[in-house]
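Reader: Please take one part of this model and walk me through it closely. Keep it brisk.

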Amino acid sequence: MRVSENGQHYADQNHNEKMLELCNNERKKAGAPALSYNDDLGKVAQDHSKYMAQNNILTHHDPAGGLGTRFEKHGYSYSSAGENVAEGYDDEESVMKGWMKSPGHKANILNPSFKEAGFGKSGSYWTQDFGSSGSSGGKHSGKSGKYGVTKKITDKLSDD
């Protein structure tokens, strides 16, 4: 991870590639098609992680609106959308293990209707955004439901 001047972590190429690889490994095991990385979804996820870190809150909601509003604000026209958020994990492997232990989060990761994903991390806050673009689509990098919330590093799970 790179660190900005204010000490907040933000997504970089390696983070996105690692998270995409981990998601696609799980999807392959389940027989679901691979996700492609989408730059617009990455911006949505990163902005949401930054919001959560700045406000020390784990949530799917922020002043920019709900998930659909945030997707549209970043230029992503969608036909389906989902989001996983978490707080307190050290790396991509550990947060993925936490999400895969939660039925709601796992369902988002493995949902075959999702074709694209974007990821964000700021401080100890993580976001995965999933979607299938609508007719106008979003910008793509060329790499190949239900909302849940993972609470802290204890892996206590609850729905928002």
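Author: This is a predicted model. N56 follows α2 and has a positive phi, near 50°. Most residues other than glycine have a negative phi. The positive value at N56 sits in a residue other than glycine. N56 counts as exposed because its relative accessibility is 59%, and the cut-off for exposed is over 50%.

Now step back into the helix itself. Helix α2 covers residues 39-55, which is 17 residues. At 1.5 Å a residue, α2 should span 24 Å, and its end C-alpha atoms are 24 Å apart, so the two agree. At the N-terminal end, N38 caps α2. A side-chain oxygen of N38 lies 2.8 Å from the backbone nitrogen of D40. D40 is also one of the buried residues of α2. Others on that list include L41, G42, V44 and A45. Further along come Q46, H48, S49, M52 and A53, also buried.

Return to the loop. H60 has its place there too, between α2 and α3. H60 counts as buried, because its relative accessibility is 3% and buried means under 20%. The side chain of H60 makes a polar contact with the side chain of E83, at 2.7 Å. H60 can also be set against T127: the two are 67 residues apart in sequence. In space, H60 and T127 are 9.3 Å apart, C-alpha to C-alpha.

Terms used. Residues numbered from 1 in each chain as written. Predicted model: local features only at pLDDT ≥ 70, side-chain atom pairs only at ≥ 80, totals over all residues. Heavy atoms only, no water. Helix = DSSP H or I, 4+ residues; strand = E, 2+ residues; numbered from the N terminus. Expected span 1.5 Å × (residues − 1). Buried < 20%, exposed > 50% of the residue type's maximum accessible area, 1.4 Å probe, protein only. Polar contact = N/O pair within 3.5 Å; in protein donor to acceptor, adjacent residues only side chain to side chain.
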